[in-house]
Amino acid sequence: MIFCRTRRTVVRSFEEKDLETVYEWIRSPQILAPGAPARYSMEQYREMFARDGFQKGVRKRYVIELETGAIVGEVSHFDFFQGAAVPAVYEIGILIGEMSARGKGIATEVQCALVDTLFTATDANRIQAFTHVENPAEQRALEKCDMTREGRLRQMVRVDDTFRDWFAYSILRREWEKSPAYLPTAPWRKQAE
Ligand SMILES: CC(C)(COP(=O)(O)OP(=O)(O)OC[C@H]1O[C@@H](n2cnc3c(N)ncnc32)[C@H](O)[C@@H]1OP(=O)(O)O)[C@@H](O)C(=O)NCCC(=O)NCCS
């Protein structure tokens with residue numbers, strides 16, 4: 001299933017062949033930095049995929065594929081209130097696991113597309129994202145998607161025995177509707193051929 005397309009990528013559901021590559025990424029402290037590596041084994045990861053292809057659980061997961069067919073990262077979204085609030089609040093997350101694909105605007109491109117697709121396909125009024133305060137690249141990417149930094153969440157997670165603060169970001173539907181970042185001509189969009 002294709003979740004969305006961007007100028008240079010297709011964001012599609014996981015296939016069996018993606019699992020080893022993505023698992024290597026989510027187990028690597030260097031790639032995740034400053035995040036904490038997944039605590040499940042490859043076997044458990046395979047079982048999680050076999051259950052529903054990462055499509056029916058709390059968090060829906062997709063891979064980011066380039067035109068070459070290579071995958072360079074994964075993205076996810078989930079309903080923050082699990083159906084208990086209407087309209088839903090969606091949270092998004094991203095990992096560009098292929099290091100050679102970083103610094104080329106892919107995280108910006110894909111996260112803008114995620115926001116745009118979620119607002120278009122659902123009745124969400126708010127989309128949010130969190131990131132470590134020591135992660136200027138993600139902060140910049142979210143800001144380029146016109147998300148607003150709302151505040152600092154103190155000691156949100158522990159990484160390497162140190163508690164880390166996060167920044168909270170969001171964009172509201174009324175902001176998305178008026179934002180230049182989401183114009184039909186926005187650079188992240190795949191233009192019709
Ligand atoms: C954060 C991450 C997603 C960024 O991916 P990316 O594709 O390299 O990001 P982009 O190329 O879209 O860059 C976004 C912006 O950050 C800037 N940037 C990159 N590294 C930076 C740094 N160390 N300091 C400041 N800005 C930086 C880029 O220049 C770009 O801004 P610009 O377009 O104005 O030049 C990637 O590094 C990653 O996967 N990190 C590990 C997981 C993670 O942090 N996920 C985020 C949620 S916690």
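Helices here are DSSP runs of H or I, at least four residues long, and strands are runs of E, at least two long, numbered from the N terminus. Keep that in mind. And remember that this is a predicted model.

Start with the ligand. Three elements each supply at least two residues of the shell around it: β5 (89-96), α4 (106-121) and α5 (136-144). The largest share comes from α5, with five residues. The shell holds 20 residues, and those that come nearest are Arg-102, Ala-107, Pro-136, Ala-137 and Arg-140.

Now step back to the whole chain. The protein chain has six helices and eight strands. From the N terminus, the order is β-β-α-α-α-β-β-β-α-β-α-β-β-α. The C-alpha atoms fill a box of roughly 45 × 45 × 35 Å along the principal axes. The radius of gyration is 16 Å, which agrees with the value near 16 Å for a compact globule of 193 residues. Of those 193 residues, 25% count as buried. Take the contacts with a separation of 6 or more: 59% of them join residues 24 or more positions apart.

Find Pro-37 in the loop between α2 (29-32) and α3 (42-52). Is Pro-37 buried or partly exposed? Pro-37 is partly exposed, because 14 other C-beta atoms lie within 10 Å, and buried would take 20 or more. Leaving out residues up to four places away in sequence, Pro-37 touches Ile-26, Arg-27, Ser-28, Pro-29 and Leu-32. Arg-61 is 24 residues from Pro-37 in sequence and 17 Å away in space, C-alpha to C-alpha.

Technical notes:
Residues are numbered from 1 along each chain as its sequence is written. This is a predicted model: local features need pLDDT of at least 70, side-chain atom pairs count only at pLDDT 80 or more; totals for chains, interfaces and linings use all residues. A residue is near a molecule or strand if its C-beta atom, placed from the backbone, lies within 6 Å of it. A residue is buried if 20 or more other C-beta atoms lie within 10 Å of its own, exposed if 12 or fewer, and partly exposed in between; C-beta atoms are placed from the backbone. Two residues are in contact if their C-beta atoms, placed from the backbone, lie within 7 Å. The radius of gyration is taken over C-alpha atoms; the globule rule is 2.2 Å times the number of residues to the power 0.38.
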